[in-house]
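Biologist: Hello! I am new to reading protein structures, and I would like to learn how to go through one feature at a time. Could you show me the model, please?

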Amino acid sequence: MDKKIKDLIAAWQKRNIHAVYCQDREEAARKILEFVPQSLSVGFSGSMTLGELEIVERLKERGNKVFDPYLAGISRDESLNLRKLGSQADVYLASANALSQTGELVFFSGYGNRIAGIAYAPKVIVTCGINKITPNLDAALKRAREHATPLNCKRLNWAGACLKDSVCRKEVCLFPEYKRMCCQILIIEAEVTPDRLKVILVGESLGY
Ligand code: SF4
């Protein structure tokens with residue numbers, strides 16, 4: 001583990017955020033399964049990182065109750081209800097848009113369900129590749145706005161003002177001219193409850 005990662009884990013520890021380092025996605029998936037007993041229900045937000053870990057499928061196979069708003073064939077109302085239930089599950093899984101080397105975690109959201117889950121679920125596990133580490137909070141916010149969100153707009157064909165050229169124009173990215181994706185921003189600076197928030201930092205590039 002290099003010094004930068006050791007320092008980041010130490011910065012999280014000072015903020016009451018328990019962090020572990022995993023070499024790769026397979027080790028990270030096994031760590032999530034270890035952290036989440038079969039008896040607990042699970043909510044999650046849409047995430048390329050979680051998709052790359054195939055963790056939702058593995059939790060379902062293992063017998064966890066998973067509130068999955070992305071099930072094929074469900075209605076929009078059913079999907080919204082599953083997002084609501086997921087944000088109140090025993091454990092919430094997510095990835096961040098960016099990590100600051102100083103210890104803050106940055107999350108952007110459209111509907112807010114993942115903000116609710118991350119901010120208030122009894123247990124939260126945030127899994128991130130090292131590609132999401134930035135030098136400071138300003139750089140983390142910039143990464144979320146100028147890298148992650150435009151790519152997500154493209155992936156989901158979401159009509160944010162950055163859809164066509166990946167340039168954030170947040171001053172004009174409003175309704176009805178555009179469909180803004182990053183409507184809510186959560187910055188986690190620290191955690192009060194011991195052992196509520198865990199970060200799994202993975203030593204490879206994952207997600208956007
Ligand atoms: S504010 Fe709009 S233009 Fe900027 S990143 Fe978000 S969706 Fe894209």
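Biologist: Let me begin with a side chain. Which backbone oxygen lies 2.6 Å from a polar atom of the side chain of Arg-196?

Modeller: Good place to start, and keep in mind that this is a predicted model. To read a polar contact, look for N or O atoms within 3.5 Å of each other. Here, the backbone oxygen of Ala-121 lies 2.6 Å from a polar atom of the Arg-196 side chain. The backbone oxygen of Ala-119 lies 3.4 Å from a polar atom of that side chain.

Biologist: Where does Arg-196 lie, and is Arg-196 buried or exposed?

Modeller: Arg-196 lies in the loop between strand S9 (184-188) and S10. A residue is called buried under 20% relative accessible area. Arg-196 has 8% relative accessibility, so it counts as buried. Leaving aside neighbours within four places in sequence, its contacts include Gly-117, Tyr-120, Pro-122, Val-124 and Glu-191.

Biologist: Now a helix. What span should helix H1 (residues 3-14) have?

Modeller: Count 1.5 Å a residue: the 12 residues of H1 should span 16 Å, and the end C-alpha atoms are 16 Å apart, which agrees.

Biologist: Which residues of H1 are buried?

Modeller: In H1, the buried ones are Ile-5, Leu-8, Ile-9, Ala-11 and Trp-12. They cover an arc of only 155° around the axis, which puts them on the same side of H1. On the other side of H1, Lys-3, Lys-6, Gln-13 and Lys-14 are exposed.

Biologist: What covers the buried residues of H1?

Modeller: The cover includes several strands: S1 (18-22), S5 (98-100), S6 (105-109), S8 (133-134) and S10 (197-202).

Biologist: And what should I look for at the ends of H1?

Modeller: Start with the cap. Asp-2 caps the N-terminal end of H1, with a side-chain oxygen 3.2 Å from the backbone nitrogen of Lys-4. After H1 comes Asn-16, whose phi is positive, near 65°.

Biologist: Last, the pockets. How many residues line the largest pocket?

Modeller: For a pocket, ask about its space and then its lining. The largest pocket holds about 790 Å³ of space. Its lining has 33 residues, and those nearest its centre are Ser-45, Gly-46, Ser-47, Tyr-70 and Arg-155.

Biologist: Which helix gives the most to that lining?

Modeller: That is H7, with 5 residues. Helix H3 (48-53), helix H4 (55-62), S6, helix H6 (113-120) and helix H7 (137-156) each supply at least two residues of the lining.

How values were computed. Residues numbered from 1 in each chain as written. Predicted model: local features only at pLDDT ≥ 70, side-chain atom pairs only at ≥ 80, totals over all residues. Heavy atoms only, no water. Helix = DSSP H or I, 4+ residues; strand = E, 2+ residues; numbered from the N terminus. Expected span 1.5 Å × (residues − 1). Buried < 20%, exposed > 50% of the residue type's maximum accessible area, 1.4 Å probe, protein only. Arc of directions from axis to C-beta. Contact = heavy atoms within 4.5 Å. Polar contact = N/O pair within 3.5 Å; in protein donor to acceptor, adjacent residues only side chain to side chain. 1 Å grid on protein atoms, 1.4 Å probe; cavity = no way out; pocket = protein on both sides within 12 Å on 5 of 7 lines; lining within 4 Å. Points joined across faces, edges and corners; volume = space filled by probe spheres on them.
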